[in-house]
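Biologist: I would like to learn how to read a structural model feature by feature. Could you take me through one?

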Amino acid sequence: MDQASKGSPRARDRIFAVAAERFYRDGIRSVGVEAIVKEAGVTKISLYRSFPSKDDLVLAYLEERSRQFLERWDATFDRYDDPDERLRAIMASLVERTTQEGYRGCPFINFCAEFADPDHPGRQIARDTKTALRERFRRLAGALRARDPGQLADGLLLLVEGAYAISQTHGGGPDGVGHALVQAAEALVAQQRAG
């Protein structure tokens, strides 16, 4: 393998790592190609060899975030056989994440807030990710013996999306609103079982 071949993946990886971190922290529109290449220590040519446009880089970022999120979700929560324990683990994990210092919310919600065009390819990635999450909640709601599993799944998804959003406006910390997530989810389940 020649030196150029060895260098290309590393340059691509550096570009991607910098872009992903900056897109999440600062917002996609506010991060220009110049800032990415400067921080990655590469040239614009290196960036455009790996990603023909900033949009291609944005889509790669969203696809990777989606893949990581769903894989991490499954690896973390599929080990719980008891559905009540699984729900508690999911919500407790989200509380921990959404109330920590520096949390910037859901990257898919952030993307959709920045890019209003419903036909942007990034919107499809966001929709697919949220659809996959909804399906996971539907399976969990069925295992929880909900009277209406679809309604419970949608309620749980709304709670999660609300936790992501409130983290941006209210912040976290020990007194953060997000700490009510576990109790709110358990109340939804109890209401579904009561009927």
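Biologist: What should I know about the model and its numbering before we start?

Modeller: This is a predicted model, in which local features need pLDDT of at least 70 and side-chain atom pairs count only at pLDDT 80 or more, while totals for chains, interfaces and linings use all residues. Residues are numbered from 1 along each chain as its sequence is written, and side-chain values use heavy atoms, with hydrogens and water left out.

Biologist: How many helices and strands does the protein chain have?

Modeller: Helices (H or I, at least four residues) and strands (E, at least two) are DSSP runs, numbered from the N terminus. Here the protein chain has nine helices and zero strands. Read from the N terminus, its elements run α-α-α-α-α-α-α-α-α. Along the principal axes, the C-alpha atoms fill a box of roughly 65 × 35 × 30 Å.

Biologist: What percentage of the residues count as buried?

Modeller: Buried means under 20% relative accessible area, exposed over 50%, and partly exposed in between (1.4 Å probe, protein chains only). Of the 195 residues in the protein chain, 41% are buried by that rule.

Biologist: And how do I read the contacts along the sequence?

Modeller: Contact means heavy atoms within 4.5 Å. Taking contacts in the protein chain between residues at least 6 apart in sequence, 66% join residues at least 24 apart. Ala11, in helix 1 (residues 3-26), is 30 residues from Gly41 in sequence, with 8.3 Å between their C-alpha atoms. Ala11 counts as buried, at 11% relative accessibility.

Biologist: Now for helix packing. At what angle do helix 5 and helix 8 pack?

Modeller: Axes are lines fitted to C-alpha atoms, for helices over the stretch in contact, and angles run from 0 to 180 degrees between N-to-C directions. Helix 5 (residues 83-98) and helix 8 (residues 149-169) pack at about 15 degrees, and their axes are 10 Å apart. That angle makes the two helices roughly parallel; the term covers angles under 35 degrees, with over 145 roughly antiparallel, 65 to 115 roughly perpendicular and the rest oblique.

Biologist: Which residues of helix 5 and helix 8 meet?

Modeller: From helix 5 come Leu87, Met91, Leu94 and Thr98, and from helix 8 Leu156, Val160, Ala163, Tyr164 and Ser167. By class, this contact holds seven nonpolar, two polar and no charged residues. Ala, Val, Leu, Ile, Met, Phe, Trp, Tyr, Cys and Pro count as nonpolar, Asp, Glu, Lys and Arg as charged, and the others, Gly among them, as polar.

Biologist: How does helix 5 pack with helix 9?

Modeller: Helix 5 and helix 9 (residues 181-194) pack at about 150 degrees, with axes 8 Å apart. Helix 5 is therefore roughly antiparallel to helix 9. On the helix 5 side, the contact includes Asp84, Leu87, Arg88 and Met91, and on the helix 9 side it includes Leu181, Glu186 and Arg193. The residues of this contact divide into nine nonpolar, no polar and four charged.

Biologist: Let us zoom in on single residues. What does Phe77 touch?

Modeller: Phe77 lies in helix 4 (residues 54-77) and is buried, with a relative accessible area of 5%. Leaving out residues up to four places away in sequence, Phe77 touches Arg86, Ala89, Ile90 and Ser93. The C-alpha atoms of Phe77 and Ala89 are 7.1 Å apart, across twelve residues of sequence.

Biologist: Is Lys130 buried or exposed?

Modeller: Lys130, in helix 7, counts as buried at 17% relative accessibility. With residues up to four places away in sequence set aside, its contacts are Cys106, Phe108, Ile109, Leu157, Glu161 and Tyr164.

Biologist: How many disulfides does a search of the whole structure find?

Modeller: A disulfide is a pair of cysteine sulfur atoms within 2.5 Å. The search finds zero. The sulfur of Cys106 has its closest cysteine sulfur in Cys112, 8.2 Å away, which is too far for a bond. Cys106 is buried, at 5% relative accessible area, whereas Cys112 is partly exposed, at 24%.

Biologist: Last one: what is the phi of Arg145?

Modeller: Most residues other than glycine have a negative phi. Arg145 has a positive phi of about 60 degrees although it is not a glycine. Arg145 sits in the loop between helix 7 (121-143) and helix 8, and is exposed, with a relative accessible area of 58%.
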